[in-house]
Amino acid sequence: MTRLPKSQPEFPLPSLANIPRRWGLSWGGWFDNRHGEWWLLAQLVLIAAHLLPPWPAPGAWGYAWPLPLALGGAVLFLVGLGLAAQAFWGLGSSLTPLPDPIPGAPLVVSGAYGRCRHPLYQAILLCSLGVTLALGSLLHLALLLGLCAVLGGKARREERALGVLHPDYAAYRLRTPAIIPRLPWLDWRGL
């Protein structure tokens, strides 16, 4: 009886395995921050911390958290997820979790990136605000403020590199809000 060779899977496993390398992730980078890995690590820690239970617990101060705020927070969270998906797919081959852009990747300025320069960061903040409102938690408010600080700093580093790689980035930067329009730390068009 002859055995037929096993067929290869339909999806390209080797290309999936190369994604971290394509993004510039390396073990050395986690130690020396060569591509902004520490910004990514801070972002991931703050996002993961949103899984913590609310503190203080709702009702700990003697009143119930208003249902309309909790429902509004849940809706904001879902809208944030939708915006993240739109921005994720719109970026295509230019996607990287690090603030250093992929060399040779095209500059995306349409779709979600026509609305703001960092729509993924905007979506993360919207999700965080949604969780904060849904839970009525001071801890989650602190996490939201921490994300504002980290994503604002990460975006600034990213923009310095984008300005070097793409000469037309300066014009795009002047006409398009950064993350949240008219909030000083999250929109620096004129600076």
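Me: Is Trp61 buried or exposed?

Reply: This is a predicted model, where local features need pLDDT of at least 70, side-chain atom pairs count only at pLDDT 80 or more, and totals for chains, interfaces and linings use all residues. Residues are numbered from 1 along each chain as its sequence is written, and side-chain values use heavy atoms, without hydrogens and water. Buried means under 20% relative accessible area, exposed over 50%, partly exposed in between (1.4 Å probe, protein chains only). Trp61 has a relative accessible area of 56%, so Trp61 is exposed.

Me: How many aromatic pairs are there?

Reply: Rings of Phe, Tyr and Trp (its six-membered ring) pair if their centres lie within 6.5 Å; planes under 30 degrees apart count as stacked, over 60 as edge-to-face and the rest as tilted. By this rule, the number of aromatic pairs is 2.

Me: Which kind of pair do Phe88 and Trp89 form?

Reply: Their ring centres are 5.0 Å apart. The planes of Phe88 and Trp89 stand at 85 degrees, so the pair is edge-to-face.

Me: What is the angle between the planes of Tyr169 and Tyr172?

Reply: Tyr169 and Tyr172 are both buried. Their aromatic pair is edge-to-face, with 5.5 Å centre to centre and an angle between the planes of 70 degrees.

Me: Which residue lies over the face of Trp185?

Reply: A charge sits over a ring if NZ of Lys or CZ of Arg is within 6 Å of the ring centre and within 35 degrees of the ring normal. At 3.9 Å from the ring centre of Trp185, the residue over the face is Arg156.
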